[in-house]
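Here is a briefing on a two-chain model.

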Amino acid sequence: MSEAKTILKVENLTKQFGGVVAVSDVSFKVNKGEIFAVIGPNGAGKTTLFNMITGVLPASSGNVFFEDKNLTRKKPYQIAQAGITRTFQNLEVFSNMSVIENVMTGAHLTMKTNLLMAGLRLPMVTKEEVKIMETAMACLERVGIAGLAHELAITLPYGNQRLLEIARAAASDPKVILLDEPMAGLNPEESRQLVDVILKMREEGMTFIFVEHDMETVMSISDRIVVLDNGVKIGEGTPEEIYQNPKVVAAYLGDEEEEYVNA
Amino acid sequence: MEKKDLKKVYHNSFIGLIILPILIAVLPVVIPSSYILTIFIMVGIYALVCNGMTMLIGYAGQISLGHAAFYGIGAYSSAIISTTYGLSPWIGMIVGMIIAGIIAIIVGIPTFKLKGHYLALATLGFGIIVFTLFKEFRELTGGSNGFFGIPSINLFGFEFNSDLRYFYLVWVFVFIGIIFSRNIIHSRIGRALRSIEGSEIASDAVGVNIMKYKLQVFVLSAMFASLAGSLLAHYVSFINPDLFGAMTSIYFLIMVIIGGSKSIWGSVIGAATYVLLGELLKHFMPILLPNKGGEFEIVFFGILLVVTLIYMPNGLSPQLEKIFSKFQKKKVTIETPLQINKKQIASGGENQ
């Protein structure tokens with residue numbers, strides 16, 4: 001990618017919990033249209049890093065730039081407004097809503113209705129509702145669960161809830177989607193389906209950043225990878241470069257690599 | 001996709017919106033008793049408060065134990081403006097709602113940083129403060145002696161001075177309130193509110209400004225309560241601080257929970273259950289326990305609350321909805337297979 005354009009820039013991001021440094025001075029750049037992975041052993045600070053980017057945790061120091069806007073210490077909803085949405089490792093579907101309502105909520109930012117307009121049900125409110133329902137349906141079709149639109153979200157199997165979260169994250173037409181361990185808890189069939197969805201959406205121009213344990217997926221779909229260990233960045237590059245990075249192999253891939261070589 | 005497809009998203013039916021006005025219109029004709037009308041005026045006033053609280057509790061997931069304060073603010077604003085200053089009761093009503101809204105913002109900003117029990121305690125504290133203010137600002141409120149001689153409401157010369165007229169006035173407000181809330185729930189705002197209850201962290205991540213919506217619905221519920229308070233003041237023409245104490249807030253909460261906080265209709269059902277049971281208790285308690293006073297009411301409702309929470313955590317309204325939906329089942333079963341077929345054709349049979 002020679003003409004790659006940076007969409008997200010993480011600069012010297014650090015998070016301290018009391019005396020513990022969970023993420024230390026991590027920097028990287030994510031290009032537009034890229035599938036970017038953050039990997040590392042348990043406790044490496046991946047989720048903390050994610051939470052700082054999405055505003056769930058305030059950074060102790062360092063900055064996050066998104067298309068030249070400084071997003072550091074912004075609230076999660078402001079970060080969503082900027083165009084970054086996410087999914088969750090421990091699924092966070094809106095359990096009290098139907099599937100399509102979940103996705104329609106995802107499109108919250110694309111709508112303008114306010115409390116008074118909604119209460120009086122002005123004609124434009126209904127118009128907007130119909131439009132957003134169509135958007136939501138299209139998002140569901142894209143991930144392949146449109147047939148379940150009117151089911152209660154919580155009744156969906158695990159894999160479909162993951163897809164639902166992706167549809168919901170995509171509904172506001174964001175520029176970047178962050179996936180927190182998207183493969184966790186999925187069976188091989190569901191994983192394949194999810195990978196297909198991610199690749200398809202990338203082709204349509206979406207940028208993905210994801211944290212993942214499933215090395216097979218990481219190596220097969222990511223364009224570039226950042227490796228964390230004990231909160232420190234120990235490697236960055238394409239999957240091939242990561243395989244050949246001795247630091248990474250020592251810290252993390254050691255056992256795993258053998259498995260893959262044997263497999 | 002057409003407008004009618006929205007109805008599949010919000011599977012609520014219109015049946016309540018048809019039944020309620022008919023019941024309201026017919027009730028005074030069928031039972032022309034001023035006692036019954038009085039009861040149902042109170043049901044309507046409470047239903048208005050509960051309507052707002054249902055939005056707050058059931059949809060935004062925030063508990064308030066201080067709504068009697070807003071109820072009181074409405075009542076006293078109306079009383080002072082229409083009696084002390086001699087202005088139109090409608091102005092009092094609107095001013096009350098504005099004051100209640102402003103106070104809700106002031107109280108809401110710090111309290112919504114709290115969660116669960118702490119929020120409930122903070123609102124309880126707020127209610128007690130306002131109650132004390134009603135008592136202590138004697139020049140304005142008449143203190144513990146109460147406020148006398150609040151005039152009745154009139155609209156373009158039409159005086160709402162009989163129980164029958166007031167009954168219709170109150171229930172028009174209730175009906176408008178229900179439609180207003182229902183519209184909000186079936187919109188972007190409603191989804192945002194429900195998403196807060198579903199998962200606050202995910203709601204935040206899709207861009208819902210949680211604080212803003214909690215605050216908006218808190219303000220809205222305060223305004224509903226204030227409106228109800230105004231209606232009460234002009235109906236009973238005499239108010240005192242005890243009407244707006246912490247106990248009243250607790251009764252409101254009981255009504256919302258018994259009626260069911262997941263449905264706007266729960267507010268009407270809860271208020272009716274509370275008032276009607278209260279009246280029954282007044283009649284039968286002296287027979288069962290001749291020496292006991294009115295405090296027994298709270299014991300009874302306390303037990304009822306616990307039983308409701310254990311056996312029907314979503315209150316009475318889902319039970320009633322089940323009964324209503326039985327009537328509608330037939331229609332639904334015919335429609336569903338057709339819809340699926342259409343979808344299959346449209347997508348080439350992919351999305352099954």
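Chain A has 263 residues, for which a compact globule would have a radius of gyration near 18 Å; the value for chain A is 19 Å, which agrees. That radius is taken over C-alpha atoms, and the globule rule is 2.2 Å times the number of residues to the power 0.38. Along the principal axes, the C-alpha atoms of chain A fill a box of roughly 65 × 40 × 40 Å.

The model is predicted: local features need pLDDT of at least 70, side-chain atom pairs count only at pLDDT 80 or more, and totals for chains, interfaces and linings use all residues. Residues are numbered from 1 along each chain as its sequence is written, chains are lettered from A, and ligands are numbered from 1, in the order in which they are written.

**Strands and sheets of chain A**

- Chain A has 10 helices and 10 strands. These are DSSP runs numbered from the N terminus: helices are H or I with at least four residues, strands E with at least two.
- An open sheet holds 4 strands of chain A in the order 2-1-4-5, with antiparallel pairing. Strand 2 (20–31) and strand 5 (69–70) of chain A are its edges, each pairing on one side only.
- Strands count as paired if DSSP finds at least two bridges between them. Strand 4 (residues 61–66) and strand 5 of chain A are antiparallel, with 2 bridges. Here A:Phe66 stands opposite A:Lys69.
- Strand 9 (residues 224–229) and strand 10 (residues 232–237) of chain A also run antiparallel, joined by 5 bridges. A:Asp229 faces A:Val232 across this pair.
- The hairpin of strands 9 and 10 of chain A has 2 residues between the strands, and A:Asn230 takes a positive phi near 50 degrees.

**Helix packing in chain A**

- Helix 6 (residues 158–170) and helix 7 (residues 188–203) of chain A cross at roughly 15 degrees, their axes coming within 9 Å. Axes are lines fitted to C-alpha atoms, for helices over the stretch in contact, and angles run from 0 to 180 degrees between N-to-C directions.
- Helix 6 and helix 7 of chain A are therefore roughly parallel (under 35 degrees; over 145 is roughly antiparallel, 65 to 115 roughly perpendicular, the rest oblique).
- Contributors from helix 6 of chain A include A:Leu163 and A:Ile166, and those from helix 7 of chain A include A:Leu194 and A:Val197. Residues are in contact if their C-beta atoms, placed from the backbone, lie within 7 Å.
- This contact of helix 6 with helix 7 of chain A has 6 nonpolar, 2 polar and 2 charged residues. Ala, Val, Leu, Ile, Met, Phe, Trp, Tyr, Cys and Pro count as nonpolar, Asp, Glu, Lys and Arg as charged, and the others, Gly among them, as polar.

**Helix packing in chain B**

- Helix 8 (residues 163–185) and helix 11 (residues 210–236) of chain B pack at about 175 degrees, with axes 11 Å apart. That makes them roughly antiparallel.
- Between helix 8 and helix 11 of chain B, the contact has 7 nonpolar, 1 polar and no charged residues.
- Helix 4 (residues 67–84) and helix 6 (residues 116–136) of chain B cross at roughly 30 degrees, and their axes come within 8 Å. That makes them roughly parallel.

**Contact between the chains**

- Chain A gives 42 residues and chain B 33 residues.
- Helix 5 of chain A supplies the largest share of the chain A side, 8 residues.
- The chain A side divides into 18 nonpolar, 16 polar and 8 charged residues.

Key:
Contact = placed C-beta atoms within 7 Å.
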